[in-house]
Amino acid sequence: MNKIQILKKLRFPNVFILLLIVFISCALLICTNFFTIKILSANRAYVNGESHYSKGQKDASRHLITYLYTKDQNQWKLYLEELRVPQGDGLARITLMKAGDNAVARKALLVGRNHSEDLNDLIWMFDNFKHVSFLSKAIHEWEQGDKLIFKLFIIGQQINAKINRNILTIDDQQKFIQQISAISDKLTVNERNFSNTLGEGTRSIKDLLIITNIFFILVIVCSVCLYYSIMVKRLIVSKKEIEVKNENLILVNHELDRFVYSASHDLRSPITSLKGLIEITQLEDNIVQIKDYLCLMHQSLAKQDQFISDIIDYSKNKRKQIIMEPVSLQELFDEAISQLMHIENANKITFTKELLVDQIQSDGLRLKIIISNLISNAIKYADSSKQEMFISIKTYVADDFHKIEVTDNGIGIKDEFKDNIFEMYFGTNKNKGSGLGLYIVKEAVENIKGNITVSSQSTIGSQFIVAIPNSYAI
């Protein structure tokens with residue numbers, strides 16, 4: 001199954017699931033952030049309330065001590081006014097514990113100098129988190145502080161009673177100062193514990209909510225990335241297909257232009273030559289000369305036949321589907337040699353075969369094209385000036401490849417031509433061939449996922465080695 005088919009399967013159901021995940025995650029993220037803000041807002045309100053509680057208690061203690069020594073009634077009134085702040089918070093705590101959110105609790109919180117816009121957050125957090133360990137501990141500290149506030153209230157009443165009766169002594173003043181100081185110290189500890197406990201709990205909730213935020217953000221990001229990845233992959237696959245098709249079209253058009261140009265020339269050249277030879281022969285009476293002309297005609301026709309054969313091989317290699325099947329290399333070599341014996345000097349060449357590998361799994365048509373062209377080239381470019389001409393054929397296995405080696409002692413290839421011998425219509429000698437042979441060989445080798453190498457020395461000979469994979473999947 002190719003990539004496009006996989007992406008098409010992903011297109012509807014899986015993409016819908018991804019979008020649903022993103023939608024749900026966004027909704028949960030919004031809710032999480034709402035509660036995060038609400039908790040932080042409630043925490044700020046409690047911290048603010050605790051500061052008013054602490055300030056009210058300390059101011060009340062200060063005014064009470066001043067009243068204790070000055071007996072100024074204005075200080076007594078200020079004491080009562082400041083003491084109402086922690087008393088209001090205490091009444092709110094008792095009411096919320098018993099009856100929950102009601103008018104009494106709200107009014108008591110306002111007396112405690114809490115801002116009216118903070119009441120909802122204060123009550124919401126109390127109602128929903130009062131049994132959670134951190135708030136439960138804070139409420140316990142709050143309760144202990146309220147008890148101390150009540151003691152401070154009792155001491156204030158005792159001081160006021162003695163002053164009103166004019167029976168307050170210096171010893172009483174010292175005793176009351178010690179009591180007030182002790183209560184203030186204890187209240188400071190309670191207030192600190194309240195703030196620390198509330199802060200610790202709020203930090204834990206905040207950390208948990210941050211982790212939750214990160215989790216949902218990652219889910220959203222991953223889902224969106226996966227969604228876009230699917231879309232991008234589809235676009236990339238489509239783009240690659242278009243690019244490959246465009247490249248193939250450009251290549252085909254380029255090859256077609258060259259092919260048409262060369263084919264028109266190579267097809268017309270032997271015909272023109274043949275027509276000229278026929279016209280000359282018609283005017284000739286000498287039998288020997290006529291035979292020479294007939295020999296030239298035969299060569300011209302053979303050249304055209306070879307060119308047409310190359311064109312057929314080129315077309316087959318381009319169009320035919322690759323078919324993997326058992327192939328006998330020995331049969332291909334024998335068939336190729338017998339069919340090429342008509343080439344000039346072929347009967348003077350000694351053929352040797354050392355076939356360590358015969359049966360292989362490959363494409364028979366392309367192997368036939370490869371072997372036929374390699375042996376044909378070796379025959380055409382044989383060096384007739386040498387006393388002994390040979391073509392050596394070997395097959396063997398090396399590096400997980402089946403190797404086909406064709407070696408000759410022909411005229412070889414000059415160094416300046418070695419880099420171009422596999423190009424279309426390149427030939428070191430156009431009279432020897434069409435220039436298509438080695439180009440077709442290289443394409444056929446690449447079609448079966450193999451490779452071809454050449455080593456050659458001018459006047460010494462050439463060696464072509466074709467490597468074919470042991471296992472090849474289409």
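Start with the open sheet: five strands in the order β2-β4-β5-β7-β6, with mixed pairing. Strands here are DSSP E runs of at least two residues, and helices are H or I runs of at least four, numbered from the N terminus; two strands pair if DSSP finds at least two bridges between them. β2 and β6 (451-457) sit at the edges with a single partner strand each, so one side of each has no neighbour in the sheet.

A word on the ground rules: this is a predicted model, where local features need pLDDT of at least 70 and side-chain atom pairs count only at pLDDT 80 or more, while totals for chains, interfaces and linings use all residues. Residues are numbered from 1 along each chain as its sequence is written, and side-chain values use heavy atoms, with hydrogens and water left out.

Now select β4 and β5, which pair in the antiparallel sense over eight bridges. Find Lys394: it stands opposite Glu405 in β5.

Next, pick helix α9 (residues 329-339). Which of its residues are buried (under 20% relative accessible area, 1.4 Å probe, protein chains only)? They are Leu329, Leu332, Phe333, Ala336 and Ile337.

Last stop: Met125. Leaving aside neighbours within four places in sequence, its contacts (heavy atoms within 4.5 Å) include Ile39, Tyr46, Phe134 and Leu198.

Technical notes
Buried < 20%, exposed > 50% of the residue type's maximum accessible area, 1.4 Å probe, protein only.
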